Amino acid sequence: MRAGRLISLLLLLQNRGRMTACQLADELEVSVRTVYRDVEALAAAGIPLYGDAGHGGGYQLLDGYRTRLTGLTADEAQAVFLAGLPGPAAELGLGEVLAAAQLKLRAALPAELREQAGRIQERFHLDAPGWYGNVDETPHLAAVAAAVWDRHAVWVRYRRWKAPTEVERRLEPYGLVLKAGRWYLVAAEGGGTARTYRVDQILELRALEEQFESPAGFDLAAHWRDRLADFHARLHTGEAVVRLSPRGVARVREQLGHAVGRAVADGGVVEADSWTRAAVPIESLDHAHGEFLKLGADLEVLEPHELRARLVATVRELADRYGA
């Protein structure tokens, strides 16, 4: 346990430079006294680190000192090679860089871990997008990534779903997120509230000379978690009462999603004719109309009446069109 903590402390100083005992204690989730003991142990082992007292002080390694990554455990080495997604790296223009980094990491590993890392790449392949998701063309992704990295503002012509469908914006790009195979840009207009933009909907982009600073304390991962929580909270704002055939029940989760499938499984009541009656969440009448048609005659809407009437009208129109 302590050996792993010593390696973590060493790598923290190697990657971040000078750190105080309090900062190291917070990162390692130990007491400051434990950090003092660990630093003494590293120094006794010949690691060239030193500490300065007073304001602006802290511990740091002598310039130029680097450690080889022989402290990786088998599980850590496997996780590093499993997490390297070649597709997204290539989209960002980092495909060759990722391959080179993995080669260097492999060379630094002991023989046993090197062999295990090789087996990971032979036996596991991560392909994030879903089966039915079209591959989005993102011609401006590399330029967006460069602006995020360099903290340069950009001018974009952007396509959105509501009118006016094409808008021009000056954006300060805070970060990029890859979600289910689709790239999203988290950015703000002139220091305002951070919003989310689909990179594949950027029609035109021009990098500006102006640089910017992200808001103090901005955390991309925390911002994205908050956005997802808000999205799910607003996703299902209504409810419909439906009846499902046994075949419809079997297909509901696949066709209508986890939330509807869970509602049917948890609250559905099987009636005398073997159909299941359940109250299920819906996003809107328009959205539910399109979604429920996926199950065809295996789903009947009982409420709300407006949604039932829309489906009746659609079924009649289809019957007329096909000459029934």
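A pocket is an open set of grid points with protein on both sides within 12 Å along at least five of seven lines. The model used in these exercises is predicted.

**Exercise 1.** What is the volume of the second largest pocket, and which residues lie nearest its centre?

*Solution.* Start with the volume: about 440 Å³. Next, take the lining. It consists of 17 residues. Nearest the centre lie Leu235, Leu256, Glu283, His287 and Glu291.

**Exercise 2.** Which elements give two or more residues to the lining of the second largest pocket, and which gives the most?

*Solution.* List the elements along the chain. They are helix H10 (246–256), helix H11 (258–267), strand E10 (276–282) and helix H12 (285–292). Then find the top contributor. H12 gives the most, with 4 residues. Finally, sort the lining by class: 8 residues are nonpolar, 5 are polar and 4 are charged.

**Exercise 3.** How many helices and strands does the chain have, and what percentage of its residues is buried?

*Solution.* Count the elements: 13 helices and 11 strands. Then turn to burial. Of the 324 residues in the chain, 32% are buried. Last, consider the surface. The chain exposes about 20300 Å², and carbon and sulfur atoms supply 53% of that area.

Definitions and conventions
Residues numbered from 1 in each chain as written. Predicted model: local features only at pLDDT ≥ 70, side-chain atom pairs only at ≥ 80, totals over all residues. Heavy atoms only, no water. 1 Å grid on protein atoms, 1.4 Å probe; cavity = no way out; pocket = protein on both sides within 12 Å on 5 of 7 lines; lining within 4 Å. Points joined across faces, edges and corners; volume = space filled by probe spheres on them. Nonpolar A, V, L, I, M, F, W, Y, C, P; charged D, E, K, R; others polar. Buried < 20%, exposed > 50% of the residue type's maximum accessible area, 1.4 Å probe, protein only. Areas by Shrake-Rupley, 256 points an atom, 1.4 Å probe, with all protein chains shown as cover.
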